[in-house]
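Here is my notebook for a first visit to this structure. Have a look at it before reading on.

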There are 2 protein chains.
Amino acid sequence: MIAHLPKKKLADVLSSIERIVPNRNSNPNLTLVRLELKDGHLYLSGSNLEIDLQAAIAVDTSDTGIWALPAQVFSQVVRALPGELVELSFEATELEIKSGSYDTKLQLIDAELPELTFPDAFAGAFDAKKFARGLEHVRYATAVAEYQAIFRGVRVEFSDRALRTIATDGFRLAYYHQEEPSGIDGAIVLPARSVDELVKLLESGEASLSLADNRLSVATGPYKLNVNLMEGNFPDYQRVIPSEFLVTITCDVKKLLDSVQRVAVMADRTANNRVDIFIADGAAQVTAEGTYGRAQEAIEVMQEGSESEIAVAYNADYLMNALKPVQGDVKLSFSGVTSPSLMTSVQDPSYLAMVVPLRAG
Amino acid sequence: MIAHLPKKKLADVLSSIERIVPNRNSNPNLTLVRLELKDGHLYLSGSNLEIDLQAAIAVDTSDTGIWALPAQVFSQVVRALPGELVELSFEATELEIKSGSYDTKLQLIDAELPELTFPDAFAGAFDAKKFARGLEHVRYATAVAEYQAIFRGVRVEFSDRALRTIATDGFRLAYYHQEEPSGIDGAIVLPARSVDELVKLLESGEASLSLADNRLSVATGPYKLNVNLMEGNFPDYQRVIPSEFLVTITCDVKKLLDSVQRVAVMADRTANNRVDIFIADGAAQVTAEGTYGRAQEAIEVMQEGSESEIAVAYNADYLMNALKPVQGDVKLSFSGVTSPSLMTSVQDPSYLAMVVPLRAG
């Protein structure tokens with residue numbers, strides 16, 4: 001059985017599968033890629049039990065067959081091929097791979113891998129790039145620690161009006177809202193690691209969507225994937241977003257971010273990486289103090305609000321993470337010294353971030 | 001005491017010192033940078049006991065003084081500065097650093113660091129870039145294991161006719177010969193780690209050279225450095241370079257390198273990463289076999305010599321390392337199945353590499 005296919009397509013698809021499939025596992029079958037020739041396509045698939053991934057590439061044969069190969073080695077070989085076209089010849093126990101002057105024989109693995117199943121029809125769809133944007137904008141705010149359970153995922157709210165993505169670790173929150181129907185309904189939580197893989201696969205065009213059996217299924221480009229959902233109750237985040245503010249400032253986000261970054265060099269890593277921000281007279285003064293000394297810097301801001309000044313302290317990393325997705329001007333709204341501050345993008349009202357200040361030291 | 005100096009110069013010099021000075025050490029003074037204002041210059045210096053490094057930057061003050069700062073923090077602060085000019089104000093216990101809207105106070109460290117000493121006059125000189133090129137071409141062939149002692153360094157031969165650099169680990173050898181006088185005489189061995197730092201500091205212009213007290217002293221750009229020499233007998237490498245060959249081939253080095261790289265994907269890492277090369281009928285066939293299968297590729301070569309064919313095996317990494325410094329065409333000369341093979345660059349006769357083949361498996 002001989003199939004010809006473009007090297008770049010095969011290499012791209014194998015890179016994606018190689019990323020998901022574990023390199024070592026107590027179940028060696030999990031490290032394999034399943035190949036199936038069917039309906040004029042080569043289907044390649046793999047799973048890490050959190051994500052099922054399948055890719056389809058059109059080939060020039062109507063032959064059929066099912067085989068298994070070590071995902072990592074196959075991917076490495078294909079990536080290194082010299083030519084633009086690859087010839088795959090499936091023999092009894094070997095796969096011969098030819099490309100340009102290169103010729104290799106990979107041992108087929110004698111294992112019966114289960115066929116992954118995907119929905120026959122998808123209920124909804126969303127622009128793939130926009131879906132990725134929503135996930136990327138909030139990913140940073142997920143929790144890292146094992147015990148934080150549901151906080152380690154990204155909540156996605158699908159509805160006939162909008163797509164919303166939310167992440168929080170209890171000390172900060174990120175939120176992205178896009179006013180477009182997704183054709184499906186439901187609120188789910190995706191594990192952060194699966195979100196990272198999903199974002200890499202969402203390139204252009206449409207992403208078809210389906211929710212069933214505690215999984216989100218997505219079809220995008222050459223890929224179909226199932227992502228297992230997280231179980232648990234995501235907190236009522238709307239309730240904690242403040243709506244009344246004492247002081248509000250607007251400024252160029254790059255200027256503020258650069259200042260915080262420079263000053264934070266002196267911040268004390270053992271004390272929450274604390275930076276202090278003091279707003280008064282149309283200026284924001286950023287200060288940090290640590291073992292080696294003290295740094296400060298002031299930038300001009302547009303200031304509004306009922307109070308004439310406010311002093312707040314943050315974990316520098318949390319503040320910088322919240323500012324980084326913003327482009328152009330940022331609006332910072334301070335609700336108090338210990339209550340959450342809001343950051344929004346003036347040019348992109350879809351994005352909102354919240355950071356809880358540090359207690360006065 | 002106030003000094004002004006260009007941010008970029010100060011940041012560059014501090015990066016070099018930060019690289020050399022240890023980040024942590026049982027002797028905390030070693031983690032510091034010594035600052036001295038003298039003769040209208042700021043002298044910055046640090047040491048790791050293997051390399052002494054000093055840099056000089058012209059400043060706009062004739063004040064004098066000596067201070068100490070943690071090298072890493074000072075470097076980090078300066079790198080992050082917003083402006084193009086830096087103002088350093090030395091006070092009793094603090095150094096105030098101002099640049100643009102940024103203002104920081106770093107605690108000075110109360111430590112008396114020894115003044116590093118460098119030769120008053122340098123006996124010789126060599127083009128800095130060429131000196132770096134000589135070191136870079138052979139660095140890869142140094143040994144890694146602790147017990148290999150003198151093999152862990154690069155031998156440098158200075159004479160009134162040429163500069164030669166040599167490295168070997170007993171299984172391969174690299175050699176670079178430049179027909180230019182260096183003005184000093186002697187054969188030394190520099191530790192590989194010091195070679196890496198030296199190469200980074202050698203940018204352009206001339207490198208002044210001196211040999212004394214078991215140290216090589218170099219002045220290059222804003223830097224002066226002393227590098228401690230290794231002690232021990234470097235083997236008589238000339239004796240092991242073969243001069244008679246059974247087969248010689250010439251080919252485009254990139255083609256050969258790419259083939260070896262592709263085929264080596266299948267090589268067995270637990271068996272010296274072995275690749276086999278078979279030369280016959282004006283072609284080089286590269287083959288590797290491992291747990292997952294077998295790969296082969298053939299490229300055309302220009303073949304000469306008394307024998308009509310030869311089969312040799314190498315560690316793929318050793319072979320690739322030896323070929324990488326070559327640009328254009330490479331000439332491979334095979335002296336036998338178990339005796340060393342020579343690789344030379346057709347366009348740059350300065351370079352020569354030798355690799356000992358693996359024994360037939």
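Is Thr31(A) buried or exposed? I looked it up: Thr31(A) has a relative accessible area of 17% and is therefore buried (buried means under 20% relative accessible area, exposed over 50%, partly exposed in between, with a 1.4 Å probe and protein chains only).

**Ground rules.** I am working with a predicted model, in which local features need pLDDT of at least 70, side-chain atom pairs count only at pLDDT 80 or more, and totals for chains, interfaces and linings use all residues. Residues are numbered from 1 along each chain as its sequence is written, chains are lettered from A and ligands numbered from 1 in the order in which they are written, and side-chain values use heavy atoms, with hydrogens and water left out.

**Thr31(A).** I found Thr31(A) in the loop between α1 (7-20) and β2 (32-38) of chain A (helices, H or I with at least four residues, and strands, E with at least two, are DSSP runs numbered from the N terminus). Setting aside neighbours within four places in sequence, I noted contacts of Thr31(A) with residues including Val21(A), Pro22(A), Leu69(A) and Pro70(A) (contact means heavy atoms within 4.5 Å).

**Glu157(A).** Next I turned to strand β10 (residues 153-158) of chain A, where Glu157(A) lies. Glu157(A) counts as buried because its relative accessibility is 14%. I saw that its side chain makes a polar contact of 2.8 Å with that of Arg155(A) (a pair of N or O atoms within 3.5 Å; within protein, one must be able to donate a hydrogen and the other to accept it, and residues adjacent in sequence count only if both atoms are side-chain atoms). Not counting residues up to four places away in sequence, Glu157(A) also touches several others, among them Leu163(A), Arg164(A) and Tyr237(A).

**Helix α2 of chain B.** I checked helix α2 (residues 71-80) of chain B and listed its buried residues: Ala71(B), Val73(B), Phe74(B), Ser75(B), Val77(B) and Val78(B). I then asked what they pack against, and the partners in chain B include α1 (7-20), β2 (32-38) and β5 (65-70).

**The two chains.** Last, I compared the copies: a rotation of 180 degrees with 0.0 Å of shift along its axis superposes chain A on chain B, with an RMSD of 0.0 Å (fitted by least squares on the C-alpha atoms of residues with pLDDT of at least 70 in both). That is the relation of a two-fold axis. Both copies use the same surface, as 100% of the contact residues of chain A recur in chain B.
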